[in-house]
Amino acid sequence: MVEYLRRGYSAALTPAAKLFLAMRMTPDMITWAGTVLTCVLALWLVPAGHLWQSALVITVCVLTDGVDGVMARLSDKGSSYGAFLDSTLDRVADGAIFGAVALWYAGQGDSMWWAGLAIGALVLGQVTSYAKARGLALGFKVWGGLAARGDRLLVLLVGMFLAGLGVHWALPIALVYLCLASAFTVLQRMGQVKKQAQEAAAAGVQIIDPQAVVAAEHQN
């Protein structure tokens, strides 16, 4: 859902992208800066109990996450490395946000159970992203699901915001939903890849190079 909305507000990011380009900044620099800012704010504010405040500032960071992409399009400096960097650092930012929630529950939140669930939501979310990336890398089509990255962050941030305003059950419900939705999405994507692989095998089509797959696995 959030991925579709991003297309609508990309135009709103253009002035900021033009400003950064005028300052001789590169898309990769903005990618790094956004990730570092998100990590610092999350790990500083959330464990200290500033839930609704952190939800607001992290939301701003998430909404402006596309500035580097707009800069790349405007300057024709987009690259495969830039896409790789952006995707990789997204995983780092996710780890900081969900990890900060786990730290809050382990501390002021006073619930190791919910802290564990926050870690579970993080792991399942990372596997969701990996399943798509791995499937695409192997030549399969992977789409849809209830828990794309933008959707996961939206649900978590809304839960944090409401919890910070006194609706204490909002964040636990968000974490339960994220675990279930991410698990469902992983299984859905596994099913998509399995079906395509079976169809390709039945048709005698070689989608991937088995030797390349083995070599890649040894590098992971």
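Helix α3 gives the most to the lining of the second largest pocket: seven residues. Keep in mind that this is a predicted model. So where does the rest of that lining come from? Look at the helices. α2, residues 14-22, supplies at least two residues, and so do α4 (51-63), α5 (67-75) and α6 (80-106). α3 itself spans 27-45.

Now the pocket's volume. The second largest pocket holds about 340 Å³. Its lining has 21 residues, and the closest to the centre are Ile 30, Gly 34, Cys 61, Thr 64 and Asp 65. How does the lining divide by class? Eleven residues are nonpolar, five are polar and five are charged.

How many aromatic pairs does a search of the whole structure find? Three. Take Tyr 81 and Phe 84. Their ring centres are 6.3 Å apart and their planes sit at 40°, so this pair counts as tilted. The cut-offs matter here: stacked needs under 30 degrees, and edge-to-face needs over 60. Both residues lie in helix α6. They are three residues apart, about one turn of the helix.

On to the cavity. A search of the whole structure finds one cavity of 30 Å³ or more. Which residues line it? Asp 94, Phe 98, Ala 121, Leu 122, Gly 125, Gln 126 and Arg 152. Two helices, α6 and α7, each supply at least two residues of that lining. The largest share is from α7, with four residues. By class, the cavity lining has three nonpolar, two polar and two charged residues.

Let's turn to packing. Start with α6 and α8. Helix α8 runs over residues 149-164. The axes of α6 and α8 are 12 Å apart, and the angle is about 25°. Why call the two helices roughly parallel? Because an angle under 35 degrees counts as roughly parallel, and that puts α6 and α8 in that class. Their crossing is left-handed.

Now α7 and α9. Helix α7 covers residues 112-137, and helix α9 covers 170-202. Here the axes come within 9 Å, and they cross at roughly 25°. That angle makes α7 roughly parallel to α9. The crossing of α7 and α9 is left-handed. What is in the contact between α7 and α9? By class, 15 nonpolar residues, seven polar and two charged.

To recap, by helix. α3 leads the lining of the second largest pocket, with seven residues. α6 supplies at least two residues to that pocket's lining, and at least two to the lining of the largest cavity. α7 gives four residues to the cavity lining, and α7 is roughly parallel to α9.

Methods. Residues numbered from 1 in each chain as written. Predicted model: local features only at pLDDT ≥ 70, side-chain atom pairs only at ≥ 80, totals over all residues. Heavy atoms only, no water. 1 Å grid on protein atoms, 1.4 Å probe; cavity = no way out; pocket = protein on both sides within 12 Å on 5 of 7 lines; lining within 4 Å. Points joined across faces, edges and corners; volume = space filled by probe spheres on them. Nonpolar A, V, L, I, M, F, W, Y, C, P; charged D, E, K, R; others polar. Axes fitted to C-alpha atoms, helices over the stretch in contact; angles between N-to-C directions. Parallel < 35°, antiparallel > 145°, perpendicular 65-115°, else oblique. Left-handed = near helix turned anticlockwise from the far one by under 90°. Phe/Tyr/Trp six-rings, centres within 6.5 Å; stacked < 30°, edge-to-face > 60°.
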